[in-house]
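My notes follow the model.

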Amino acid sequence: MRCDWVHGYWVHWQWVRCEKGFGMSVNAWIVVGDQPAIGNLITVARSLGGDGTIAAVVAGPRAVAETVAASGVDRVVWCGTPDGSPAEASAPAVAEAVAADPPRVVLGGRNPGDRVLLGAAAAALHAAVLTGARSVTVGADTVTVVNAVYGDISDETVEISGPVALLLDGGSVPAASGAGVPIEEVTATPYGVKVLETIPSEFEEVDLNAAQRVIGVGRGLKAKEDLSLIEALAAALKAEIACSRPVAEGLNWMGKDRYIGSSGARISPQLYLAVGISGQLQHMVGVTGAETIVAINSDPNAAVFAQTDYGLVGDLYELVAEITSVLK
Ligand SMILES: Cc1cc2nc3c(=O)[nH]c(=O)nc-3n(C[C@H](O)[C@H](O)[C@H](O)COP(=O)(O)OP(=O)(O)OC[C@H]3O[C@@H](n4cnc5c(N)ncnc54)[C@H](O)[C@@H]3O)c2cc1C
C-alpha cells in the first residue's frame with residue numbers, strides 16, 4: 001500500500017482486485033455542476049488505484065463539459081441543462097448516468113449545486129455519503145474512509161462494503177491535458193426549476209490562499225466601521241483581510257469566503273496576524289500551515305496565545321494603530 005499527500009488529503013491506495021461487475025468498468029464518477037473546478041477530485045479519483053475508468057458527468061453548460069473532457073478523465077457524459085435552469089435541475093439525469101455504470105466511489109465538490117448532484121447520485125447508488133474525508137482506501141471488497149468529525153477536531157474510520165459518495169474540496173480548474181475525450185450527450189427531462197433572480201454578493205470575492213500575509217479579525221472588533229482600522233493595517237502590511245466565523249456568519253461584516261477554520265478556509269501564509277480572536281480550535285485549525293502566527297488580544301489568558309509564535313497583550317485599537325503608524 002502507498003500513501004500520497006494530495007491537495008490536503010492523505011490518499012492511501014492499493015491495486016484493486018477486479019471482479020466481474022465490480023471495479024471493472026467505472027472506478028470513480030465525478031459529478032460536476034456549472035463550475036469545472038475539479039482538479040482535486042480528479043487527483044483523488046486517480047489515486048484510488050484500480051484499473052477502472054474515471055468518468056465525469058456534467059450538468060452545467062457545454063463549455064464546462066468541454067473543459068472537463070480535456071482535463072484527463074477517461075469519459076465525459078453531458079446532461080445539458082436548459083438555459084435559465086440551474087445545474088441541479090438535471091439531478092435525475094446525473095443520477096441515472098452514474099447508476100447505469102455503478103462505481104466504487106463517486107466524488108463531488110462543495111458548492112451548493114454539486115452537493116445536490118452528489119446527493120442524487122448517492123441516492124441512486126444507495127451509497128454512504130461522507131463529507132469530511134481525510135483519506136480514502138479502496139480495497140478489494142470495502143472502501144475505508146478516515147473522516148473528520150466534531151468540527152474537524154477528531155477522526156473516525158469508517159469501513160463501507162458498498163459504494164461511497166465523498167464531498168471534497170473541488171480544487172482548481174484542471175489544466176487541459178491532450179486532445180481530450182469525446183463528450184457523450186444525454187437528453188433528459190430536467191426538474192422544472194428556474195432561476196428567477198440572481199443577486200450578486202455584496203462582498204468582493206477573495207482567494208485567501210494566494211495571500212502571503214493575512215490579518216484575521218475577530219469579535220474583539222466592536223463595530224463594522226472599525227474595519228477601517230484593519231484595512232489601514234492591511235494596506236501598510238500588504239496583507240489580505242480574513243476573519244473568524246462569527247464575523248462572517250452572524251455579524252455579516254465580511255463574505256463567507258473570508259472566514260478561516262474547520263468549516264471555512266484553510267490557509268498557509270507566511271504571516272497570520274489574529275486580531276481580537278480568542279483562538280478556538282475550530283478557528284486555529286485553519287492556520288496550522290502558517291509559517292508565523294502573531295496574535296493581538298487584551299486577555300492575557302486567551303487560548304490564542306498558546307498557539308502563536310508572538311503575542312501582543314493589549315487593546316487592539318491602540319496596538320493596530322501603533323503598528324500601522326510604525327509600518328508607514
Ligand atoms: C462545529 C463548529 C464549527 C466551527 N467552525 C469555525 C470556523 O471554521 N472558524 C471559526 O472562526 N470559528 C468556528 N467556530 C466557532 C468557534 O468555536 C468560535 O466561537 C469562534 O472562532 C470565536 O470567534 P472570535 O474569536 O472572533 O470571538 P470570541 O471568541 O468572542 O473572541 C473575541 C476575542 O477578542 C478579544 N478582545 C475583545 N476586545 C478586545 C480588544 N479591544 N482588543 C484586543 N482583543 C480584544 C477577547 O479577549 C476574545 O479573546 C465553529 C464552532 C463550531 C461549534
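I looked up the domains first. The C-alpha centres of domain 1 and domain 2 are 35 Å apart. Domain 1 covers 2-185 and domain 2 covers 208-327; such bounds come from an automatic or database domain assignment.

I noted the ground rules next. The model is predicted, so local features need pLDDT of at least 70 and side-chain atom pairs count only at pLDDT 80 or more, while totals for chains, interfaces and linings use all residues. Residues are numbered from 1 along each chain as its sequence is written, and side-chain values use heavy atoms, with hydrogens and water left out.

I checked the confidence. The chain has a mean pLDDT (the predictor's confidence in each residue, from 0 to 100) of 88, and 92% of its residues reach 70 or more. Over residues 1-24 the pLDDT is below 50, yet this stretch has 64 contacts (heavy atoms within 4.5 Å) beyond near neighbours in sequence.

I then turned to the ligand. Around the ligand are 25 residues (a heavy atom within 4 Å), and Ser244, Ile260, Ser263, Ser278 and Asn297 come nearest. By class, this shell holds five nonpolar, 15 polar and five charged residues; Gly counts as polar, and Asp, Glu, Lys and Arg count as charged.

I listed polar contacts (pairs of N or O atoms within 3.5 Å). A backbone N or O atom of Arg219 is 2.8 Å from a ligand oxygen atom. A polar backbone atom of Ile260 lies 2.7 Å from a ligand nitrogen atom. For His283, a polar side-chain atom is 2.9 Å from a ligand oxygen atom.

How values were computed:
A polar contact is a pair of N or O atoms within 3.5 Å; within protein, one must be able to donate a hydrogen and the other to accept it, and residues adjacent in sequence count only if both atoms are side-chain atoms.
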